[in-house]
Amino acid sequence: MGSIVLGDINVHNANWLKHSSRTSSAGKQLARTCKRLGLKQMVKAATRGDNLLDLALADIACNARVTSPIADRRLVELSI
């Protein structure tokens, strides 16, 4: 059985999240937790402006893609 965590997480980690301009302590903590739990961050494109705030974390095979904008965000579509 696998796990998927989706959400408007709003953490920043320039070393882990491709579209982060800085690194916060919460971003470092989430990266460590994901590594420990075997979760991979699946979203590869910015979701709000130039930032990646909406994450899809999974330990199963899946694909995430960023689709058309809604208001000031882009939608994340996850397929399993």
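## Model and confidence

Residues are numbered from 1 along each chain as its sequence is written. Because the model is predicted, local features need pLDDT of at least 70 and side-chain atom pairs count only at pLDDT 80 or more, while totals for chains, interfaces and linings use all residues; side-chain values use heavy atoms, with hydrogens and water left out.

The average pLDDT (the predictor's confidence in each residue, from 0 to 100) is 91 for the protein, and 100% of the residues score at least 70. Confidence is highest in α1, at a mean of 97, and lowest in β4, at 86. Helices (H or I, at least four residues) and strands (E, at least two) are DSSP runs, numbered from the N terminus.

## The three-stranded sheet

Let's start with the open sheet, where three strands lie in the order β1-β3-β2 with antiparallel pairing. Two strands count as paired if DSSP finds at least two bridges between them. β1 (4-8) and β2 (40-41) are at the edges with a single partner strand each, so one side of each has no neighbour in the sheet.

β2 and β3 (residues 54-58) run antiparallel and are joined by two bridges. Here glutamine 41 sits opposite leucine 57 of β3.

## The β4-β5 hairpin

Six bridges link β4 (residues 63-70) to β5 (residues 73-79), again in the antiparallel sense. Isoleucine 70 faces arginine 73 of β5 across the pairing. Two residues lie between the strands of this hairpin, and alanine 71 has a positive phi near 55 degrees.

## Arginine 73

Arginine 73, in strand β5, is worth a look of its own. Its relative accessibility is 18%, so arginine 73 counts as buried (under 20% relative accessible area; exposed is over 50%, partly exposed in between, with a 1.4 Å probe and protein chains only).

Beyond residues up to four places away in sequence, arginine 73 touches Asp8, Asn10, Thr47, Arg48, Leu53 and Asp54, where contact means heavy atoms within 4.5 Å.

Leaving aside neighbours within four places in sequence, leucine 30 contacts Ile9, Val11, Trp16, Leu55 and Leu57.
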